[in-house]
Amino acid sequence: MKKHHSASRSNQRGFSLMEVVLAMGLVSFVMMTIVGLLPVGLQMAQDSRLQQAKANIVQQMRGMLQQISFDEDSGQNSGQDPDQDKKFTIHGLPKTFLHFSEDGMKTEEANAFYEASFELDDASVKASQGSKATKFGSTNARFIIVTLEYPMYAPESARKSTVFSLLSANQGTP
């Protein structure tokens, strides 16, 4: 003879439909929050990569500028302003564009993501000390304006531009 055990509902183990629905709702909410944060994280990673590449480019340019010769050109002035008699010039400043890859390393134009151009700023350099401004003068220091455009594969109207100002000083005798 077979015995049939009738199990009562209170002895059964498992989840009720309500518990399963609540758990699925909670998991869905957490997953949607994580998926919603992904674009923000990806944008931050891309911005960080761009900043690192720009820092690499500036570091390479600083190294390049340290190898360039500096001169004081004696100009003919009326003699009224001694700073106008001597002009600080930089020989070897690139007249053409320099090209860099996405990670900021120097490359050929065909592989370039960034394009850098240089311009020597003619303004004299001043440093403030307290209430008075001390003039280094254009004979000792000059700003070099570096314009960085990217991405090079985009049309010219869609490119972004970043401008850096590098201070270059003549370490020779004044």
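Tutor: Start with a term. A residue is called buried when its relative accessible area is under 20%, exposed when that area is over 50%, and partly exposed in between. By that rule, buried residues make up 24% of the 174 residues in the protein chain. Keep in mind that this is a predicted model.

Now the layout. The protein chain has two helices and eight strands. From the N terminus, they follow the order α-β-α-β-β-β-β-β-β-β. Of the contacts with a separation of 6 or more, 53% join residues 24 or more positions apart.

Next, the core itself. The largest nonpolar core holds 18 residues. Met61, Phe100, Tyr114, Ala116 and Val146 have the most contacts inside it. At least two core residues come from each of these elements: helix H1 (17-66), strand S3 (98-100), strand S4 (114-120) and strand S7 (141-150). H1 gives the largest share, six residues.

Zoom in on Val146. Leaving aside residues up to four places away in sequence, Val146 touches Met61, Ala116, Ser117, Phe118, Thr162, Val163, Phe164 and Leu166. Two of these, Met61 and Ala116, are also on the list of residues with the most contacts inside the core.

Arg49 forms a salt bridge with Glu102, at 3.6 Å from N to O. Arg49 is in helix H1 and Glu102 in the loop between S3 and S4, so the pair ties together parts 53 residues apart in sequence. Both ends are partly exposed: Glu102 has a relative accessible area of 44%, and Arg49 has 41%. Thr33 also sits in H1. Its side chain reaches the backbone oxygen of Phe29 at 2.9 Å. Thr33 is partly exposed, at 39% relative accessibility.

Finish at S7. A search of the whole structure finds two salt bridges. One of them joins Glu149 and Arg159, with the closest N and O atoms 3.7 Å apart. Glu149 lies in strand S7 and Arg159 in the loop between S7 and S8, so this pair ties together parts ten residues apart in sequence. Glu149 is partly exposed at 26%, and Arg159 is partly exposed at 22%. The loop between S7 and strand S8 (160-169) also holds Pro151. The peptide bond from Tyr150 to Pro151 is cis, with omega near -15°.

Conventions: Residues numbered from 1 in each chain as written. Predicted model: local features only at pLDDT ≥ 70, side-chain atom pairs only at ≥ 80, totals over all residues. Heavy atoms only, no water. Core = buried A, V, L, I, M, F, W, Y, C linked by side-chain atoms within 4.5 Å. Buried < 20%, exposed > 50% of the residue type's maximum accessible area, 1.4 Å probe, protein only. Helix = DSSP H or I, 4+ residues; strand = E, 2+ residues; numbered from the N terminus. Contact = heavy atoms within 4.5 Å. Polar contact = N/O pair within 3.5 Å; in protein donor to acceptor, adjacent residues only side chain to side chain. Salt bridge = Lys/Arg side-chain N within 4 Å of Asp/Glu carboxyl O.
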